[in-house]
Amino acid sequence: MLFLYNILVYLSGFFIKIIALFNSKLELFVKGRVGIFDFLAEEISDNDKIIWFHTASLGEFEQGLPVIEQTKREFPSHKILVTFFSPSGYEVKKNTTAAAIVCYLPLDTTYNAKQFLKIVKPELAIFVKYEFWPNYLSALKKENVPTLLVSGIFRESQAFFHWYGSFMRKSLQTFDHFFVQDENSKKLLESIDIKNVTVSGDTRFDRVSEILERDNALAFLEEFKQDKLCFVAGSTWPEDEILLKDYINNDASAAIKYVIAPHNIKGGEIEKLKASLDKKTILFSEIAEKNLADFEVLIINTIGLLTKIYSYADIAYVGGGMGVTGLHNTLEPAVFGVPVLIGKNYKGFIEAENLVGIGGVISVNGKNEFKKEFDYLINNELILNDLGEKNKNFINKNKGAKIQIGDYIRKLIK
C-alpha cells in the first residue's frame with residue numbers, strides 16, 4: 001500500500017505542476033516549494049534546537065497559535081519552525097512573528113521526508129488538527145522524534161476506522177500522544193487500540209480568549225457606529241450575502257449600522273456587492289477624509305481587521321454556512337458576548353454544533369428565517385444579551401487546552 005501511495009504522490013506532484021500553469025493558487029503551491037531545502041539549510045545551523053509545528057492552512061495555524069506562542073515563550077533558546085501545506089495559510093502568515101522560520105512543507109515523498117528531517121533535526125514535532133503524512137510520520141518515528149497531534153478531531157467516516165484503512169492506521173501509531181477535542185474522538189481512537197489520548201478540548205477557545213486581552217479599538221469603527229446597534233457579517237460568501245442584501249435593502253429604519261467583511265475581497269466582487277445595496281455604502285478603502293457617521297453600510301475590503309471589528313458587534317453573522325464552502329470561525333464573534341447567526345450547513349463544525357445547542361448561535365435556512373430571527377433579536381434586548389452571555393460563558397468554560405498540552409511539552413523538551 002505504501003508503494004501505491006508513493007506513486008500517487010509523485011503523480012500528483014507531476015500533474016499539479018502542469019495545472020499550476022493555468023491556476024494562480026497552484027502556481028503559488030508549486031513555486032513556494034522550489035528551493036525549500038536550500039532555504040532551510042540557510043536558516044538552520046547545526047547548533048539550532050528546532051521545535052516543528054505543521055499546520056495545513058490558515059485555520060489550523062490559528063488553532064495552533066496559542067500552543068506555538070506558549071512554546072516560544074517557554075523555550076526561548078529554541079527556534080520555532082512552522083510549515084504549511086496550503087498557500088492560503090503560508091501567503092497570509094509567512095511573516096508571522098510567532099515563528100523564527102516559516103515555509104511550505106515539501107510533498108510527502110520518502111526522499112523529501114528524509115531530507116527535511118536531516119536538515120531540520122527537530123527536537124519535537126507537533127501536527128495541528130489534521131494532516132497525516134505517512135512518509136513524514138514514519139521518518140519521525142525512525143529518528144525517535146516525539147510527535148504530537150493537538151486539537152485533533154476524528155469522525156467515524158474517516159478511513160482509519162474502516163477495514164480499508166489499515167495503511168493509514170499505521171500512520172496514527174507513530175504519534176506519541178494525541179490531544180483531541182472531544183470524547184468521541186478518544187473513543188474512536190481507542191476502538192483501533194490507540195490509548196495514548198487526552199481530551200484537552202479545542203485550542204481555538206484559548207486563541208479567541210486571548211483576543212479579549214488585546215487592544216481592539218478601531219477609530220474608524222467608532223466613528224461609523226456612533227451609538228447605534230451594529231451588525232457585523234464576517235467571512236461572507238455570495239450565498240450568505242443574498243440573505244444580508246435582502247434584509248438591508250428592506251430595512252426602512254436608520255437604527256442599524258451594517259458592516260460586511262466578505263471572504264473574497266477582489267475588486268470586481270466588492271464593487272458588485274456595493275452596487276447591490278440600496279443604503280448609503282462605503283468601502284474601507286474609501287474612508288479617508290469621509291464622515292463615516294453619514295454611511296449606513298461599511299464593506300471591509302482588506303484583511304486582518306475582522307477579529308477587532310467583531311468587538312463592535314451587537315449581533316454577528318458568520319459566513320460559509322449557506323453554501324458548501326465551509327462555515328468560518330464562530331468563536332471569534334462569540335467571545336465578545338454577542339449572539340451569532342449562521343447558515344444552515346454547520347454539521348461537522350463541532351464548536352458551532354455546541355453553540356447552536358446552547359442557543360447562542362442561531363442557524364437560519366433562508367431569507368425569511370434570517371429576517372424572523374434578526375428582527376426578534378433587535379426587538380428583545382434581554383434575549384439578545386442573554387444569548388450573547390451564553391456564548392461568552394461557553395468559551396470561558398472550554399478554554400485551557402494549551403495548559404494541558406504545555407505541561408506535556410515541558411516533559412519532552414530538554
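Predicted model: local features only at pLDDT ≥ 70, side-chain atom pairs only at ≥ 80, totals over all residues.
**First stop: helices 16 and 18**

Please select residues 350-358, which form helix 16, together with residues 381-398, which form helix 18. Two packed helices are described by the angle between their axes and by the distance between those axes. Here the angle is about 135 degrees, and the axes of helix 16 and helix 18 lie 10 Å apart. Because angles over 145 degrees count as roughly antiparallel and those from 65 to 115 as roughly perpendicular, helix 16 is oblique to helix 18. Viewed as a crossing, helix 16 passes helix 18 in a right-handed manner.

Next, display the side chains at the contact. On helix 16, select Asn 354, Leu 355 and Ile 358; on helix 18, select Lys 390, Asn 391 and Phe 394.

**Second stop: the cavity**

Rolling a probe the size of a water molecule over the atoms shows where empty space is left. In this model the count comes to one cavity of 30 Å³ or more, and the volume of the largest cavity is about 30 Å³.

To find the largest cavity, select its lining: Glu 62, Arg 204, Arg 207, Val 208, Asn 329 and Glu 332. Then highlight residues 203-211, helix 10, which supplies three residues, the largest share of that lining. What is the division of the lining residues into nonpolar, polar and charged? The lining of the largest cavity has four charged residues, one polar and one nonpolar.

How values were computed: Residues numbered from 1 in each chain as written. Heavy atoms only, no water. Axes fitted to C-alpha atoms, helices over the stretch in contact; angles between N-to-C directions. Helix = DSSP H or I, 4+ residues; strand = E, 2+ residues; numbered from the N terminus. Parallel < 35°, antiparallel > 145°, perpendicular 65-115°, else oblique. Left-handed = near helix turned anticlockwise from the far one by under 90°. Contact = heavy atoms within 4.5 Å. 1 Å grid on protein atoms, 1.4 Å probe; cavity = no way out; pocket = protein on both sides within 12 Å on 5 of 7 lines; lining within 4 Å. Points joined across faces, edges and corners; volume = space filled by probe spheres on them. Nonpolar A, V, L, I, M, F, W, Y, C, P; charged D, E, K, R; others polar.
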